Amino acid sequence: MPLFGTSATLKVGDRAPDFALPDQNGKVVKLADFHGKQSVILAFYIRASTPG
Amino acid sequence: MLGISLDSQERNCKFAQETSASFPLLSDTDKQVAKAYGVLSFTRLFANRVTFVIDKDGMIRHIDEGSDAIDPSGAFHACPVPGK
């Protein structure tokens, strides 16, 4: 079963889209803040999209 | 390490307290970032977690989806300098 690579719009080697989002304390975090400084692990938790 | 959910900032704050999260938990309530990363299409088919490793130059180095992404240690192996 082709589990990988068919549904994603991004793949390894692509440039990560920049973003600016508020954290749990209201501080805005931008991906660009890490450029040239530190690598980032970005974990999506899509809990809100499932009712219940 | 950054976490992103579609929950409100308020709910993320509660979640962070409940789980003693030691990393920023970002709120993507309008789903713009989830769409930009193609995460919503992942979740229609698979589990509800996707992890990206992004290097210092802003390039994607590794993608974990589904059950693999639940344990971020898999992603750490692809990360030359784990977040401190």
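**What share of the 52 residues in chain A is buried?** Buried residues come to 23% of them, where a residue is called buried if 20 or more other C-beta atoms lie within 10 Å of its own, exposed if 12 or fewer, and partly exposed in between, with C-beta atoms placed from the backbone. Keep in mind that this is a predicted model: local features need pLDDT of at least 70, side-chain atom pairs count only at pLDDT 80 or more, and totals for chains, interfaces and linings use all residues. Residues are numbered from 1 along each chain as its sequence is written, while chains are lettered from A and ligands numbered from 1 in the order in which they are written.

**View 1. Chain A, a chain with three strands and zero helices.** Reading from the N terminus, its elements go β-β-β. Helices (H or I, at least four residues) and strands (E, at least two) are DSSP runs, numbered from the N terminus. The mean pLDDT of chain A is 80, and 73% of its residues reach 70 or more; pLDDT is the predictor's confidence in each residue, from 0 to 100. Residues 1-8 of chain A have a pLDDT below 50, and this stretch has eight contacts in the model beyond near neighbours in sequence. Residues 48-52 of chain A are also below 50, with six contacts counted that way. A contact here means two residues whose C-beta atoms, placed from the backbone, lie within 7 Å. Where pLDDT is low, the predicted coordinates should not be read in detail.

**View 2. Chain B, with five helices and four strands.** Of the 84 residues in chain B, 35% are buried. Take the contacts in chain B between residues at least 6 apart in sequence: 14% of these join residues at least 24 apart.

View 3. Two strands count as paired if DSSP finds at least two bridges between them.

View 4. B:G3 has B:L25 as its bridge partner in β2(B).

**View 5. Strand β3 of chain B, with a partner on each side.** On one side, β3(B) pairs with strand β3 (residues 40-45) of chain A in the antiparallel sense over six bridges. It also pairs with strand β4 (residues 60-65) of chain B, antiparallel over five bridges. Look at B:T51: A:A43 has it as a bridge partner, and B:D64 in β4(B) is its bridge partner too. One residue along, B:V50 is bridged to B:E65 in β4(B). Strand β3 (residues 49-54) of chain B is mostly covered, with six of its six residues buried. B:R49, B:T51 and B:V53 point one way, and B:V50, B:F52 and B:I54 the other.

**View 6. The largest nonpolar core, with 25 residues.** Such a core is a set of buried Ala, Val, Leu, Ile, Met, Phe, Trp, Tyr and Cys residues joined through C-beta atoms within 7 Å. A:L42, A:F44, B:I4, B:A34, B:F52 and B:I54 touch the most other members. The largest share, six residues, comes from β3(A). Zoom in on B:A34 and, leaving out residues up to four places away in sequence, you'll find that it touches A:F44, A:I46, B:L6, B:D28, B:V39 and B:L40.

**View 7. B:D30, in the loop between β2 and α2 (32-36) of chain B.** B:D30 counts as exposed because it has 10 C-beta neighbours inside 10 Å. B:D30 and B:S8 are 22 residues apart in sequence, and their C-alpha atoms are 9.7 Å apart in space.
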